[in-house]
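Let us walk through this protein together, one part at a time. Keep the sequence and the 3D view at hand as you read.

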Amino acid sequence: MNRDYLQEALATFNGSNWYGWKTHDDDGNKIPNEDRMQYKYIKIIKDGATMPTEAEVNAKIQELKDAVQAAIDKKASGKQKLKDLGLTDEEIQALIGV
């Protein structure tokens, strides 16, 4: 499953349900659904919400990706430490399920 880091990042700003997606560009042309979920097509739908800058959104996306990678790295490190203690792959799998 692919994660939607853009929407995860947007959810961290202004509380929940503050944005939607434009259906038409500035010239009135319909934006195809598969192209709509981009920063440039965000619209504010909640009173009082402010638009984060694209740099802020990109920084949050990177923070989310870094957290995912850190979890992957910690799991790999833990598995290696168990191997270094003499456990077999089967024993490690039985302990942590992976």
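A residue is called buried when its relative accessible area is under 20%, exposed when that area is over 50%, and partly exposed in between, using a 1.4 Å probe and protein chains only. What you are looking at is a predicted model, where local features need pLDDT of at least 70 and side-chain atom pairs count only at pLDDT 80 or more, while totals for chains, interfaces and linings use all residues. Residues are numbered from 1 along each chain as its sequence is written, and side-chain values use heavy atoms, with hydrogens and water left out.

The term stands for a side-chain nitrogen of Lys or Arg within 4 Å of a carboxyl oxygen of Asp or Glu. The structure holds three salt bridges. Another joins D89 and K83 at 3.0 Å, N to O; D89 has a relative accessible area of 45% and K83 one of 39%.

K60 and E63 form a salt bridge as well, with their closest N and O atoms 3.1 Å apart. Why can these two meet? They are three residues apart in helix α3, which separates them by about one helical turn. An α-helix has 3.6 residues a turn, so residues three or four places apart point the same way.

Now follow helix α3 itself. Helices (H or I, at least four residues) and strands (E, at least two) are DSSP runs, numbered from the N terminus. Helix α3 covers residues 54–84, and at 1.5 Å a residue its 31 residues should span 45 Å; the end C-alpha atoms lie 44 Å apart, which agrees. The expected span is 1.5 Å times one less than the number of residues. Just after α3, G86 takes a positive phi of about 105°.

Which residues of α3 are buried? They are V57, K60, I61 and L64, and they pack against α1 (5–10). Contact here means heavy atoms within 4.5 Å. Y5 is found in helix α1 and counts as buried at 17% relative accessibility. Leaving out residues up to four places away in sequence, Y5 touches I61, L64, K65 and V68.

Next comes the nonpolar core, a set of buried Ala, Val, Leu, Ile, Met, Phe, Trp, Tyr and Cys residues joined through side-chain atoms within 4.5 Å. The largest one has 13 residues, and L10, W18 and V57 have the most contacts inside it. Two or more residues come from each of α1, β1 (19–21) and α3, with α1 giving the most, four residues.

Finally, look at W18, which is buried with a relative accessible area of 0%. The structure holds two aromatic pairs. Rings of Phe, Tyr and Trp (its six-membered ring) pair if their centres lie within 6.5 Å; planes under 30 degrees apart count as stacked, over 60 as edge-to-face and the rest as tilted. W18 and Y19 form an edge-to-face pair, 5.2 Å centre to centre with 65° between the planes. The rings of Y19 and W21 have centres 5.6 Å apart and planes at 80°, so this pair is edge-to-face.
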